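Please look over the structure shown next.

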Amino acid sequence: MRASTLALLLLATPALAQEADPADVASPEAVVAAVYDSLDRAPGEDHDWDRFITLYHPEAMLLPNPEQMNGEERVFSPREYADYYKGLYASMDFIGSASDQGFSEAQVHQVVHRFGDVATIFSTYEKSPYQSDQMLGRGINSFQLVFREGRWWIIAVAWDEEEGAGPVPAEFRSSE
């Protein structure tokens, strides 16, 4: 999709199908917090994909790091991303299995740049089993957001992790 086409879609955002909780989309920071909340899951439960999807513009792009995709370059819509993980879990018969420890991805540091109706957030996160102190990995989510129709929308998110990119720079870490 060309940049001008995406710009036109965002400027003329029609009433979109899924309603988000107004508190989830009241500010760029609230949207990002809701993303992390929607990804938390206890053992035997799934992520809150319905809530996750309401945070993204329907034309949004999610770009995982290639290491997470076995070296493959992928771009997902919010729905495609949710469906990918639902299918992955189902193919492994994972959720509810003896090895299912749940999942948590928590923001540990945030840098926000905002001008008018656009915002960029660099959000450093740590992954762990649900309600555990065992860190499974750390990385940065780079969120691009716009304000339309009285709410904030994620239009793109790309991320990378220390495993492939090296240590998170000190400027993007909380005081440790």
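**Pocket, core and rings**

H4 supplies six residues to the lining of the largest pocket, the largest share. Helices here (H or I, at least four residues) and strands (E, at least two) are DSSP runs, numbered from the N terminus. The model is predicted, and local features need pLDDT of at least 70, side-chain atom pairs count only at pLDDT 80 or more, and totals for chains, interfaces and linings use all residues. Residues are numbered from 1 along each chain as its sequence is written, and side-chain values use heavy atoms, with hydrogens and water left out.

The volume of the largest pocket is about 730 Å³. On a 1 Å grid over the protein atoms alone, a pocket is an open set of points where a 1.4 Å probe fits, with protein on both sides within 12 Å along at least five of seven lines; lining residues have an atom within 4 Å of a point. Grid points are joined across faces, edges and corners, and a volume is the space filled by probe spheres set on the points. The lining has 37 residues, of which Gln68, Tyr85, Phe103, Glu105 and Lys127 lie nearest the centre of the pocket. Elements that each supply at least two lining residues include helix H2 (28-39), strand E1 (56-63) and strand E3 (118-128). By class, the lining divides into 20 nonpolar residues (Ala, Val, Leu, Ile, Met, Phe, Trp, Tyr, Cys and Pro), eight charged (Asp, Glu, Lys and Arg) and nine polar (the others, Gly among them).

The largest nonpolar core has 30 residues, and Phe52, Tyr56 and Phe143 have the most contacts inside it. Such a core is a set of buried Ala, Val, Leu, Ile, Met, Phe, Trp, Tyr and Cys residues joined through side-chain atoms within 4.5 Å. Two or more residues of this core come from each of H2, H3, E1, H4, E3, E4 and E5. H2 gives the largest share of this core, six residues.

Across the whole structure, a search finds 14 aromatic pairs. Rings of Phe, Tyr and Trp (its six-membered ring) pair if their centres lie within 6.5 Å; planes under 30 degrees apart count as stacked, over 60 as edge-to-face and the rest as tilted. The ring centres of Trp49 and Tyr81 are 6.1 Å apart and their planes are at 80 degrees, so this pair is edge-to-face. Because Trp49 lies in helix H3 (residues 49-54) and Tyr81 in helix H4 (residues 78-92), the pair ties together parts 32 residues apart in sequence. Trp49 is buried at 4% relative accessibility, and Tyr81 is buried at 11%; buried means under 20% relative accessible area, exposed over 50%, partly exposed in between (1.4 Å probe, protein chains only).

Phe52 and Tyr56 have ring centres 4.8 Å apart and planes at 45 degrees, so they form a tilted pair. Phe52 is buried at 2% relative accessibility, and Tyr56 is buried at 4%. One aromatic cluster includes Trp49, Phe52, Tyr56, Tyr81 and Tyr89.

The charged end of Arg41 sits over the ring of Tyr89, 5.3 Å from its centre. This requires NZ of Lys or CZ of Arg within 6 Å of the ring centre and within 35 degrees of the ring normal.

Most residues other than glycine have a negative phi. Asn70, however, has a positive phi, near 55 degrees. Asn70 is in the loop between E1 and H4 and is exposed, with a relative accessible area of 77%.
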